[in-house]
Every structure is written in structure tokens, then in C-alpha cells.
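These are my notebook entries on one structure.

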Amino acid sequence: MRPRRSASTCAALVGETWPERLADGAAGVAGDQAVEKAVAARPTLSDEQRRVIESLCMDGRGVAVVAGRAGTGKTFTLGAAREAWQAAGFPVLGVAVARR
């Protein structure tokens, strides 16, 4: 039987620089170029979706919640945010909850 791998904190999951960035108010700040490139790759994004991506990738809060009805483009929008964060060198952890 293989030992079970676990982490006690988010910092242990994504590395020790994450808490430092969060304390500096710079957690998850992808930068203008990474965000612009991710948005440009998706010309069908609505203005609202673009604003969500910019807010998620540029505000430095570290944790955010995106909620909306089925079919509104949450997954498409978050795909662009993920691309921007990864281009900026950030590890991305996503969680989804379905309310049924």
C-alpha cells in the first residue's frame, strides 16, 4: 500500500512563495501582457467576461469566487484566467461545486 500524500495548508500545496505574495497584496497578479494574450485568444468573450478575467488576474486577492447560471461561460472565462496565471508562472488550483 502506498503512503497517502497530503498537505496541511494551501502554502504546502502551491509552494512557500504563495503566502508571501498574498501578504504583499500580489497573489495571482498575472500582469497586463499575460491577461491581454489570454483575452485576445478568445475573441468571443463578452465585456463582462473580460472584466471578470481582468479582476481575477490583476487584483491580487489570492482567492476568488465566480458564480453564475449554467451555460453563462464560467468555464470559458476561467480558462482564460488560468492561461494568464500559468503564463505568469503561477500554479493554478481550481475547485468547482455543483449545487443540485
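Which residues have the most contacts inside the largest nonpolar core? I noted that this core has 14 residues, and that A30, V35, I53, C57, A84 and W85 have the most contacts inside it. A nonpolar core is here a set of buried Ala, Val, Leu, Ile, Met, Phe, Trp, Tyr and Cys residues joined through side-chain atoms within 4.5 Å. Buried means under 20% relative accessible area, exposed over 50%, and partly exposed in between, with a 1.4 Å probe and protein chains only. Helix 3, helix 4 and helix 5 each supply at least two residues of the core.

Basis of the entries. The model is predicted: local features need pLDDT of at least 70 and side-chain atom pairs pLDDT 80 or more, while totals for chains, interfaces and linings use all residues. Residues are numbered from 1 along each chain as its sequence is written, and side-chain values use heavy atoms, without hydrogens and water.

Helix 3. Helices are DSSP runs (H or I, at least four residues), numbered from the N terminus. In helix 3 (residues 32-40) I found A34, V35, A38 and V39 buried. They lie on the same side of the helix because they cover an arc of only 125° around the axis, taken from the directions from the helix axis to the C-beta atoms. The face turned away from this buried side carries the exposed residues D32, Q33, E36, K37 and A40. The buried residues pack against helix 4 (47-58) and helix 5 (74-87); contact means heavy atoms within 4.5 Å.

Helix 3 against helix 4. I recorded a packing angle of about 150°, with the axes 10 Å apart. Axes are lines fitted to C-alpha atoms over the stretch in contact, and angles run from 0 to 180 degrees between N-to-C directions. The two helices are therefore roughly antiparallel, a term for angles over 145 degrees. D32, V35 and V39 of helix 3 make the contact with R50, I53, E54, C57 and M58 of helix 4.

C57 and G31. Leaving out residues up to four places away in sequence, C57 touches G28, V29, A30, G31, V35, A81, A84 and W85. G31 is found in the loop between helix 2 (17-23) and helix 3, and is partly exposed at 22% relative accessible area. Beyond its neighbours within four places in sequence, G31 is in contact with C57 and M58. I also noted 8.1 Å between the C-alpha atoms of G31 and A84, which are 53 residues apart along the chain.

T77. This residue lies in helix 5 and counts as buried at 4% relative accessibility.

How values were computed
Parallel < 35°, antiparallel > 145°, perpendicular 65-115°, else oblique.
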